[in-house]
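Here is a model to explore together. Please have the sequence and the 3D view open as you read.

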Amino acid sequence: MKFIDEYRDQRIAQALLAELHRRVTRPWVLMEICGGQTHTIMRYGIDELIPRQIELVHGPGCPVCVTPVEIVDKAIRLAARPDVIFVSYGDMLRVPGSNSDLFRVKAAGGDVRVVYSPLESLKIARTNSDRQVVFFAIGFETTAPANAMAVWQAKHEGLKNFSMLVSQVLVPPAIRLLLSSPHNRVQGFIAPGHVCTVMGYREYETLSADFHVPIVVAGFEPIDLIEAITMLVRQLEDGRAKVENQYVRSVSYEGNLPAQRLMQEVFEVCNHKWRGVGMIPQSGYRLRPEFAAYDAVRRFGLEDLEVAESSECISAQILQGLKKPLDCPAFARRCTPESPLGATMVSAEGACAAYYRYRRHTVLH
Amino acid sequence: MCLAVPGRILAIEEKQGTRIGKVQFGGITRQVYLDFVPEAGVGDFVIVHVGFAISQVNEEEAARTYRLLEAMGLLESNALPQLPESSESPS
């Protein structure tokens, strides 16, 4: 394959891989948290270039995937209202709720608009003062500062027709949940480089110390990931467990302080439900009381919506690194990106969707 | 979702107290909000996510990434963010 062959020609990659092959003496299970990293690993076949003893499992790191079904249902209900312009990142449109998705609402006449940046939703609100504009504010810590800026500006401008449906999730509580499980298999973590660009990696030092697990903050290119895997294996083979930063070109220890200040002004930490996982304590953000007037759930009275997930889907185990997509009997048969049963197939960055795109030939002949 | 791409600031202007940069990604330029990188100036590289710069990178590191990306043909792929102008409503 073109990309994999070229990639194998890379001297840096080869040098790192050679060291990795030299260093490894026994099996290790590593997890990358971020769906973007899962995508790179599958796209470049990194899992097949590294020594066989190293198993990569894929974490819950896709905010699109883990947005709970009831929030998707709330989005669908809002988007179907004739008085609402519903504004979203493109990734959320295909995500199934219990009976529909935002694309179908749009096809049926709902005013659903896709933006690249949350500030575009403010422009839409300014030019449509007779309509309600609701922005679907999903994301990890990476996206939280941008989403926070949108609501902060709306408040300071006095935009009355703007509100947000918030589904912000936080990475460290999810890692803590995985490591606390009696079934945990993960011995080293690749931490998400853009989450840490915003937050720094202080919180990861606590996790590393509490569970004696090595963590390497990594970037998103193939070389970044091979280097991070090599750094983790060095630590594991030497019996060390600390936090190291591979993604030095973007990540500092403290993170982005101006971004953190704005996030803290706008959001507060709350318990949050993750699709496929369930409630994780202190793992999300909600708007602070000072910004509650911009909460779409409150403005449109959607507090009571609760729904159940498909029981056939094994995404809960996949998100926790207990199973892999190819272990699922429904994978690429009853469950595909066009008709997903659950969390890990719904977004291009979900582990099942990445396997479907790059590896389905291994199950479908 | 957490996709973020390095780009170089070509120009900066102030609009209603907000710093907005013209940022070049490979051969394409985009408008980027620079409020979270107060130290960044013209000529600096920033990492951009959903229209906001979330960090400033040193040029040596950014160039290293670009050499690797270029060598692997990644710059021709769809790894760059969507144009704000074209993303309002997909047909």
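The paragraphs below go through the sheets, helices and loops of this model.

A word on conventions: residues are numbered from 1 along each chain as its sequence is written, and chains are lettered from A and ligands numbered from 1 in the order in which they are written. This is a predicted model, in which local features need pLDDT of at least 70 and side-chain atom pairs count only at pLDDT 80 or more, while totals for chains, interfaces and linings use all residues. Helices (H or I, at least four residues) and strands (E, at least two) are DSSP runs, numbered from the N terminus.

Let us begin with a sheet in chain A. This open sheet of 5 strands has the order 2-1-7-8-9, with parallel pairing; two strands pair if DSSP finds at least two bridges between them. Strand 2 (54-61) and strand 9 (243-245) of chain A stand at the edges with a single partner strand each, so one side of each has no neighbour in the sheet. On average, neighbouring strands of this sheet are turned by 25° against each other, direction ignored. Axes here are lines fitted to C-alpha atoms, for helices over the stretch in contact, and angles run from 0 to 180 degrees between N-to-C directions.

Follow strand 7 of chain A next. Of its 5 residues, 5 are buried, where buried is defined as 20 or more other C-beta atoms within 10 Å of the residue's own, exposed as 12 or fewer, and partly exposed as in between, with C-beta atoms placed from the backbone. Strand 1 of chain A is joined to strand 7 of chain A by 3 bridges, and the two run parallel; M31(A) has F189(A) in strand 7 as its bridge partner. Between strand 7 and strand 8 of chain A, which also run parallel, there are 4 bridges, and here P192(A) stands opposite A218(A) in strand 8. Strand 8 (residues 215-218) of chain A pairs in turn with strand 9 of chain A in the parallel sense, over 3 bridges, with V216(A) opposite E244(A).

Which helix lies across strands 1, 2, 7, 8 and 9 of chain A? That is helix 13 (residues 222-238) of chain A, which runs at about 165° to strand 8 of chain A.

Now turn to another sheet in chain A. It is an open sheet of 6 strands in the order 4-3-5-6-11-10, with mixed pairing. Its edge strands are strand 4 and strand 10 (267-274) of chain A, each pairing on one side only. Within the sheet, strand 5 and strand 6 of chain A run parallel and are joined by 7 bridges; G139(A) has Q168(A) in strand 6 as its bridge partner. Helix 10 (residues 171-180) of chain A lies across strand 10 and strand 11 (278-287) of chain A, at about 175° to strand 11 of chain A.

Strand 11 of chain A also holds Q282(A). The phi of Q282(A) is near 55°, a positive value in a residue other than glycine. Is Q282(A) buried or exposed? Q282(A) is exposed, with 12 other C-beta atoms within 10 Å.

Why is helix 6 (residues 69-79) of chain A largely enclosed by the rest of the structure? The reason is that 9 of its 11 residues are buried, among them V69(A), E70(A), I71(A) and K74(A). What covers the buried residues of helix 6 includes strand 3 (84-89), helix 7 (102-107), strand 4 (111-115), strand 5 (132-139), strand 6 (162-169) and helix 15 (296-299) of chain A. Two residues are in contact if their C-beta atoms, placed from the backbone, lie within 7 Å.

Next comes a pair of helices. The axes of helix 8 (residues 119-127) and helix 9 (residues 144-157) of chain A come within 8 Å and cross at roughly 30°. Helix 8 and helix 9 of chain A are therefore roughly parallel to each other; angles under 35 degrees count as roughly parallel, over 145 as roughly antiparallel, 65 to 115 as roughly perpendicular and the rest as oblique. L119(A), S121(A) and L122(A) in helix 8 meet M149(A), A150(A), Q153(A) and A154(A) in helix 9 of chain A.

Finally, look at chain B. Chain B has 1 helix and 5 strands, running β-β-β-β-β-α from the N terminus on. Buried residues make up 37% of its 91 residues. In the loop between strand 1 (5-15) and strand 2 (18-25) of chain B sits Q16(B), which has a positive phi of about 45° although it is not a glycine. Q16(B) counts as exposed, with 8 C-beta neighbours inside 10 Å.
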